[in-house]
Amino acid sequence: MAGSHKAGAASRRESGSSAAPRRRNKRSRARIAGVAALSVVVLAVAGGGWIYFQLNGNIKTFDDGGVSANRPAASTNGSNVLIIGSDTRSGDNAEYGHGTGDVGRSDTALLLHVYSDQKHAVAVSIPRDSLVDIPPCKLPNGTWTKEKHGEMFNSAFEVGETVQGNPACTQNTVEKLTGLRVDHTMVIDFAGFAKMTEAVGGVQVCVPNDVYQGDLNPKLGHKGSLIFSKGPQTVSGQKALDYVRIRHGIGDGSDIGRIQRQQAFVGSLIKKVKGNGLDPTTLLPLATAATKSMTVDPGLGSANKLISFAMSMKDIDLHNTKFVTLPWRYEGARVAVVKPEADALFAALRADRTVDGQDAAGKGGKAAPSPSASAPAPASGQGISVAVYNGTVEKGLAGKAAESLKAAGFTVTGATTAATQDYTHTVIQYGANDEAKAKTLATHFPGALMRPSKTPGLNVILGTQYKESGADAAPSAPASVPPSVADKARSADDNICSNLSYG
């Protein structure tokens with residue numbers, strides 16, 4: 001990537017997988033995967049080893065060689081699972097959907113955060129049309145693409161144009177967007193989704209208004225026959241798939257409105273499975289359908305590994321299973337990510353803060369301590385060089401921080417404005433051999449995000465939570481889910497007819 005230092009900070013933002021800053025000239029199937037994995041646990045106990053053998057034979061894995069080596073650090077605060085809904089029409093999927101083609105595409109994606117107390121979980125839906133940065137991704141021939149900026153999120157899954165899609169590329173994109181390390185990735189296809197809904201005897205949904213064939217397929221050219229009547233009803237198979245995929249004819253016809261209905265659907269599915277009870281005769285068809293439809297990373301590539309994953313979610317009740325949507329706003333026909341709120345959401349997940357403000361990593365649900373409570377005293381920067389960038393709209397902030405660092409013994413190689421001024425958190429980028437120096441620098445920026453870089457040296461990009469106070473930066477407030485996100489969160493036990501569409 002060409003250019004000077006100034007703009008790389010922008011393109012890489014707080015995901016931090018970049019080198020030094022340079023100038024720059026497709027949902028809600030996560031809990032389905034969790035429920036299916038839990039069914040494996042029960043079946044293994046009830047049916048014996050033959051079930052392991054049968055289910056192991058169903059599970060497919062993708063090549064994780066395409067996962068970036070430049071990733072966020074592993075976290076001890078809960079775990080993160082990326083679930084991707086694939087709408088390929090190849091194989092058994094040909095009988096579902098209304099399109100053609102054998103290239104794997106992502107119609108749905110969400111990031112599931114299972115909190116470290118294993119009593120809370122939140123699924124973050126990522127609109128498929130969100131404009132994001134897509135980092136380098138591996139092609140089928142072994143080569144890697146160049147980083148792209150302002151691309152639609154679902155295009156990451158299509159990199160390489162294969163039937164299987166490119167889950168590793170989507171994972172790389174999510175890690176860059178969120179600053180969270182993705183522990184596992186799952187892909188679920190049309191056929192498996194439809195068969196899972198049949199296996200549980202159908203799922204109750206609610207439709208806000210009558211829906212016709214022409215709503216599901218705008219290319220039909222006429223209204224067509226009635227598909228869904230207004231109100232509550234039970235759906236399965238193709239009809240369940242139609243429900244979660246329909247976009248036109250409800251609300252404002254947006255992808256955001258569809259996300260809300262998908263979140264309601266998954267909550268209803270969880271409720272149905274729990275209501276059916278842990279009966280092996282019910283769970284075997286569910287587990288079989290799920291494992292036949294899933295492609296997972298090697299870390300989940302066996303019944304034993306799925307069991308371990310399922311056990312992390314078995315004690316999460318309906319009310320503590322939350323659904324939220326990545327903060328967004330329209331940008332023409334696409335969706336822009338609202339950075340301050342999105343950054344705050346992901347910072348809260350990194351800190352293991354629940355939607356309602358609890359500290360899942362602590363005890364008794366008490367608020368997390370301020371980062372300054374355990375932060376080391378500011379250390380001498382003698383012999384350490386650093387470039388300072390202002391990632392906010394407050395003028396002169398880089399200069400003030402530079403003077404503080406110089407007073408502490410650092411050599412400041414530059415103090416200028418970052419390519420974008422939408423940083424919430426301060427980011428420290430460091431080269432392969434500079435981690436120790438970065439930790440020293442971090443003592444002057446409590447709460448800063450540490451990000452490895454492929455380029456040697458140190459860069460600090462100041463966020464809005466940085467406030468100059470004498471020679472040192474004042475600590476940031478404890479991370480929390482912003483009210484604009486928390487107030488719109490959905491629980492799995494919410495009324496199925498509430499908040500079903502946007503507009």
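Cys497 is partly exposed, with a relative accessible area of 37%. Keep in mind that what you're looking at is a predicted model. The partner of Cys497 is Cys206, and a disulfide joins the two with 2.1 Å from S to S. Cys206 sits in strand E8 (residues 203-207) while Cys497 comes in the segment after strand E23 (490-491), so this bond ties together parts that are 291 residues apart in sequence.

Cys137 and Cys169 make one of them, with sulfur atoms 2.1 Å apart. Cys137 lies in the loop between E5 and E6 and Cys169 in helix H4 (residues 167-178), so the bond ties together parts 32 residues apart in sequence. Both Cys137 and Cys169 are buried, and their link is right-handed too, with 75 degrees about the S-S bond.

## Strand E5 and its neighbours

So what flanks strand E5? On the parallel side of things, E5 pairs with strand E15 (residues 334-337) over two bridges. With strand E6 (residues 148-152), the pairing is antiparallel and runs over three bridges. Leu131 takes part in both: it stands opposite Ala336 in E15 and opposite Met152 in E6.

Four of the five residues of E5 (residues 130-134) are buried, so the strand is largely enclosed by the rest of the structure.

## Helix H8

Helix H8 (residues 255-276) is also largely enclosed, because 17 of its 22 residues are buried. Its end C-alpha atoms are 31 Å apart, which agrees with the 32 Å its 22 residues should span at 1.5 Å a residue.

Notes: Residues numbered from 1 in each chain as written. Predicted model: local features only at pLDDT ≥ 70, side-chain atom pairs only at ≥ 80, totals over all residues. Heavy atoms only, no water. Buried < 20%, exposed > 50% of the residue type's maximum accessible area, 1.4 Å probe, protein only. Pairing = 2+ DSSP bridges. Expected span 1.5 Å × (residues − 1). Disulfide = S-S within 2.5 Å.
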